[in-house]
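Reader: I have a structure to study and some questions about its contacts. Can we go through them one at a time?

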Amino acid sequence: MDMEVDEEVVLHPMQTEKAFTPTPDYTDYKESFSSTGTPLVIDNGSWQCRAGWATEDRPRLVFDNQMAKFRDRKANTSNQYIGNDVYADVLARSNARSAFDGPVMCNPEIMEAVLDYIFIKMGIDADRIAHPLVMTEPVCVPHYNRNLMSELLFESYQVPSVTYGIDSLFSLYANGPEQSKDGIVMSVGHHYTHMIPVSQGKVHLEHAKRISYGGEPASEYMLKLMQMKYPTFPMKMTTTQSELLQMNHCYVAKDYLGELASYEDPEVFKTKDRVVQFPFTAPVIEEKSEEEQARLAAKRKEQGRRLQEQAAKARLEKLIQREQELEQYNGLKNSKTTLKKAEWTEQLKSMGFKEEADLDAAIKTTDAAIRRARNKELGIEEEEKEPPTFPLVDIPDEELSELDRKEKKKQRLLKASHDARMRAKAAKAEETAYQEALAQQDAERREKEPQKWLDEMHARRKELVDKIKAKKQLREQLSDRRSHASQLRMKSIAALASDAPPPKRRRKGQDEDTFGQDDEDWMVYREISRDDDSEDEEEANQLDEYEQQLLKYDPEFLHEHTMNAYTPKNSFLHYYTNGLGPYDPVVGLALDQTYQLHLNVERIRVPEVLFQPGIIGLDQTGLVETMQDILKRFDKQARDRLVQNILVTGGMAQVPGLIDRLDQSVRSILPFSPNQKNYNVRKAQDCLLDGWRGAAMVARDGERMGKISVTRQEYEEYGGAYIKEHGLGNAHS
Amino acid sequence: MASSITGSPTNSTSGAALAEQTPPALPVTNMAHIHKPFKKPGWHASKKTKNLKQIITADKAKEWKANTPTYWNIEALPSMTPQKKYCDITGLEARYTDPKTRLRYHSTEVYQLIKSQPIGVVQQYLGLRNAAVVLK
């Protein structure tokens with residue numbers, strides 16, 4: 001077939017689950033931190049939680065912010081796992097829950113378990129957490145939720161003070177404290193993307209914007225796209241897997257429309273298609289040694305021989321039995337002349353016959369059976385059975401007795417069916433001969449005038465294809481009530497159903513109903529019938545035959561030219577879903593290919609939502625338009641300062657190409673400047689950890705902490721939602 | 001300290017059967033059986049939770065000064081620029097819309113596919129861009 005071996009396809013293996021990496025236990029609390037009052041810094045994100053001492057340059061703990069609490073009924077144990085420990089256990093994985101609803105902590109019970117875990121892992125064994133806490137919170141978090149957190153921290157752990165800040169602002173601070181007075185920070189986070197302008201050291205949260213797209217919606221979108229693309233995929237894809245796909249394969253196109261168009265070109269497609277292979281187990285085909293195969297063959301042969309022997313033996317026994325029977329019957333028959341009539345009849349009855357005719361019949365059938373069996377034994381083909389005779393049919397009824405008349409009736413029926421059978425047989429033979437002759441003719445013509453033959457075949461095929469297509473179209477039109485075809489049909493039905501005779505067609509003196517005299521009349525029922533598929537199969541067979549012939553004799557007619565072809569060569573949809581790898585149009589996909597995902601257009605489609613939220617039907621401005629909106633709120637001087645420092649941070653900021661695209665797009669919304677680049681878009685040094693780092697930097701500044709942290713006393717006085725504004729956090733409102 | 005808190009979930013109770021399932025070498029921490037000295041005894045976080053939507057609804061009902069940034073009013077506004085249309089099946093640029101299903105499509109080949117799809121699949125495709133008909 002047209003199998004083609006391309007260059008080796010790179011397969012990206014699909015992990016089934018997130019790998020478990022153990023979290024270390026720290027034991028240095030007593031000697032290094034117990035009485036120092038070193039601040040603890042927790043970046044409490046809805047995806048990952050990062051926690052550590054402010055004096056260190058990295059968080060000690062980084063784990064997925066989740067908890068699994070369940071009872072193991074088999075072992076009768078209660079279990080509670082936090083963070084990455086959840087991935088170590090199947091049962092835990094299925095019980096994982098997050099304290100977050102969107103980006104906001106809503107479940108204090110789970111949060112408490114996570115905090116317990118942090119403090120245990122840090123090795124804190126004092127009777128309280130005697131360390132100031134610096135913690136991140138979402139942009140514009142509702143008071144209710146901040147109150148939940150403060151209550152937890154002050155009441156359960158009795159912390160001395162808490163400072164809340166926004167992770168993206170901390171990240172801005174970490175990427176140059178002196179620069180952080182002016183700028184726009186764009187945080188492409190787990191649930192949402194936030195854009196916050198900072199002007200002259202003041203955070204303008206009233207101009208901040210949130211776009212409802214981030215890593216988590218992106219993974220979800222990826223999952224949905226894959227489910228739609230592979231509705232019959234043999235495995236179930238998990239959200240973890242779609243997250244991995246989204247993180248490992250997506251990129252932002254510099255020119256989205258251009259990039260999309262490039263995917264249509266198979267050559268470009270080949271370089272961009274990513275093949276993700278799911279694990280699968282091929283059915284085990286046992287390889288047998290030659291010796292064993294020979295042994296098995298011999299065994300089979302032996303078995304066959306034994307069976308044949310048995311059958312022959314049985315046949316022989318039967319034959320002998322029949323011969324004995326025949327001898328008996330013949331003996332009886334012959335003894336008719338020697339015995340008295342009553343005695344003979346007595347014997348006849350004892351052998352199970354009613355009258356002499358029965359005996360004759362039995363002799364005849366037994367004789368025939370014996371002859372057949374003998375012939376079979378000797379391998380002689382049965383000669384043509386002589387045609388049955390119907391002697392009574394032609395004799396007039398008057399000459400027959402009552403009994404014979406009955407017999408004649410039976411014979412007449414038998415004769416009729418026999419004649420019909422013979423006629424059908426003859427017709428069939430004639431038909432096959434005719435077909436053979438036609439094929440012969442066809443072959444001769446093909447050899448004589450190959451080109452003409454091909455042209456004719458193509459013409460015939462085309463005619464048939466057109467016919468099938470026209471039919472299909474008509475059917476489609478009929479499914480729409482308002483189409484022309486449907487209305488014509490309704491008209492026909494109305495005309496048929498109306499009692500009033502159609503006036504034009506009948507002239508005077510001709511008011512007799514002649515419907516049906518002409519065969520064409522019946523076609524009106526064809527016209528109004530909606531589901532006329534009587535000929536469909538026939539046509540499909542005919543088309544298949546033509547195409548098989550063409551495939552055989554026309555070297556230019558390939559599989560992809562057949563009417564229902566679906567191969568990488570003629571179908572974009574085919575290589576969009578199955579890639580450009582080897583494909584056998586007859587057999588279909590190979591087993592390993594059925595376990596493959598092809599990521600191509602999705603690679604740019606998923607992150608593009610950041611720029612065009614309309615793709616997922618999200619009625620919000622994209623990154624660039626949002627920035628334009630924000631910039632409009634500032635005067636020219638402030639604008640010029642802001643665009644000097646556009647910082648992109650957050651997990652999804654790591655998507656390749658994002659910064660380039662932003663850089664290019666921001667240019668398009670700024671006034672033209674011919675000489676120098678009057679703006680700067682940059683990525684955070686560490687998109688994931690900079691939030692924690694910035695918070696640690698603030699925490700190390702003792703003087704500043706004294707001014708901005710909320711003490712226990714203030715908590716008791718003003719309540720859990722109280723904060724002090726400090727330029728890196730939410731507004732006090 | 002470390003030895004008291006690390007260990008497989010199995011060593012807390014006798015669970016020989018479980019020990020076979022989870023290799024004891026994995027240093028996971030089962031928080032259910034760990035003493036937490038730093039906590040105030042007797043205090044527990046409330047088990048009653050409200051989801052974000054409830055909280056926001058309650059918050060919206062309060063009185064707010066003008067220009068106060070809140071969780072719900074910092075949401076990005078609807079876009080004012082014309083939206084590009086993309087093929088619902090392939091993601092390529094969509095030149096056409098099927099009047100019957102309202103699906104956008106890129107080429108005749110995709111159109112053939114659309115025509116053969118059952119209504120449920122069509123709605124799922126529409127759902128990808130939040131345009132499915134939801135009957136209530």
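Reader: Which residue of chain B forms a salt bridge with A:Glu112?
Author: This is a predicted model: local features need pLDDT of at least 70, side-chain atom pairs count only at pLDDT 80 or more, and totals for chains, interfaces and linings use all residues. Residues are numbered from 1 along each chain as its sequence is written, chains are lettered from A and ligands numbered from 1 in the order in which they are written, and side-chain values use heavy atoms, without hydrogens and water. A salt bridge is a side-chain nitrogen of Lys or Arg within 4 Å of a carboxyl oxygen of Asp or Glu. For A:Glu112 the closest N and O atoms are 2.6 Å apart, and the partner is B:Lys39.

Reader: Which helix gives the largest share of the side of chain A that touches chain B?
Author: Helices are DSSP runs (H or I, at least four residues), numbered from the N terminus. Nine residues of that side come from one helix, residues 108-121 of chain A. The helix is α3.

Reader: How many residues of α3(A) are buried?
Author: Buried means under 20% relative accessible area, exposed over 50%, and partly exposed in between (1.4 Å probe, protein chains only). α3(A) is mostly covered. The count is 13 of its 14 residues.

Reader: How far apart are the end C-alpha atoms of α3(A)?
Author: The expected span of a helix is 1.5 Å times one less than its number of residues. For the 14 residues of α3(A), that should give 20 Å. The model agrees: the end C-alpha atoms are apart by 20 Å.

Reader: What does A:Lys30 meet in a salt bridge?
Author: A:Lys30 lies in helix α1 of chain A, and its partner lies in the loop between α3 and β10, so the pair ties together parts that are 95 residues apart in sequence. A:Lys30 is exposed, at 58% relative accessibility. The N to O distance is 3.5 Å, and the partner is A:Asp125.

Reader: Is A:Asp629 buried or exposed?
Author: A:Asp629 forms a salt bridge with A:Lys632, with the closest N and O atoms 3.7 Å apart. Both lie in helix α21 of chain A, three residues apart. A:Lys632 is exposed at 61% relative accessibility. A:Asp629 has 15%, so A:Asp629 counts as buried.

Note on methods:
Helices (H or I, at least four residues) and strands (E, at least two) are DSSP runs, numbered from the N terminus.
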